Amino acid sequence: MARSLIAFFVLLNACSSAVDRSPPLRDVGLPPVPAPPAELLEFDAGPSADLSALNLAVPEGCSLQTQSQSDRRALRCAARFDAAAPAGWSRLGELPIWRKDGMVLVQSWQKTAQAWVLTQSLHQSKGDHPLAGSPFGSASSKAPQ
């Protein structure tokens with residue numbers, strides 16, 4: 001009885017559809033990605049956002065991690081706290097997002113095994129808004145969409 005049961009399971013496993021019997025995938029030689037249209041290459045969006053221009057202080061109990069991009073930074077903190085934005089920035093409701101003159105500062109927390117990591121990123125509008133006081137002008141509203 002036990003041998004016939006083992007033989008049944010071996011046969012069931014051999015005939016199982018869970019085994020992938022399809023041939024391996026091959027490179028079908030897709031063409032290279034085409035170059036973007038000329039009108040997109042002609043448009044200059046201006047300078048990128050620079051988070052260091054805001055002179056954000058590193059809070060006590062935090063250390064600045066290596067910064068690879070000018071528009072974002074990460075702080076390693078011992079404890080989580082309610083991060084604030086620079087003076088003159090308005091908060092969007094209860095979200096950790098602040099805005100001023102076409103620029104948006106976003107802050108997010110992540111818990112790691114050793115500490116809390118606060119990521120701060122600065123985003124800018126390229127002029128697609130009615131604020132005349134934006135330091136980035138309104139050229140992108142004329143650019144191809």
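1. Leu-5, Phe-8, Phe-9 and Leu-12 together form a nonpolar patch on the surface, with about 420 Å² of accessible area between them. A patch here is made of residues with over 30% relative accessible area and no salt bridge, in which nonpolar side chains (Val, Leu, Ile, Met, Phe, Trp, Tyr) are joined within 5 Å and like charges within 9 Å. A salt bridge would be a side-chain nitrogen of Lys or Arg within 4 Å of a carboxyl oxygen of Asp or Glu, and accessible areas come from the Shrake-Rupley method with a 1.4 Å probe, where for residues only the protein chains shown count as cover.

2. Please keep in mind that this is a predicted model, in which local features need pLDDT of at least 70 and side-chain atom pairs count only at pLDDT 80 or more, while totals for chains, interfaces and linings use all residues. Residues are numbered from 1 along each chain as its sequence is written, and side-chain values use heavy atoms, with hydrogens and water left out.

3. Leu-5 lies in helix α1, which covers residues 2-14, and is partly exposed, with a relative accessible area of 44%. Buried means under 20% relative accessible area, exposed over 50%, and partly exposed in between (1.4 Å probe, protein chains only).

4. The protein has two helices and six strands, and from the N terminus on the order is α-α-β-β-β-β-β-β. Helices (H or I, at least four residues) and strands (E, at least two) are DSSP runs, numbered from the N terminus.

5. Strand β6 (residues 116-124) pairs with strand β2 (residues 72-77) in the antiparallel sense over six bridges, and Cys-77 stands opposite Trp-116 in β6. Strand β5 (residues 103-111) also runs antiparallel to β6, joined to it by nine bridges, with Trp-109 opposite Leu-118; β5 and β6 form a hairpin with four residues between them. Two strands pair if DSSP finds at least two bridges between them.

6. The largest nonpolar core has eight residues, among them Leu-51, Leu-56, Trp-89 and Leu-105. Apart from this core lies another, of six residues, including Cys-62, Cys-77, Ala-83 and Leu-118. A nonpolar core is a set of buried Ala, Val, Leu, Ile, Met, Phe, Trp, Tyr and Cys residues joined through side-chain atoms within 4.5 Å.

7. Which residues does Leu-56 touch, not counting those up to four places away in sequence? Leu-56 touches Leu-51, Arg-73, Pro-86, Leu-105 and Gln-120, where contact means heavy atoms within 4.5 Å.
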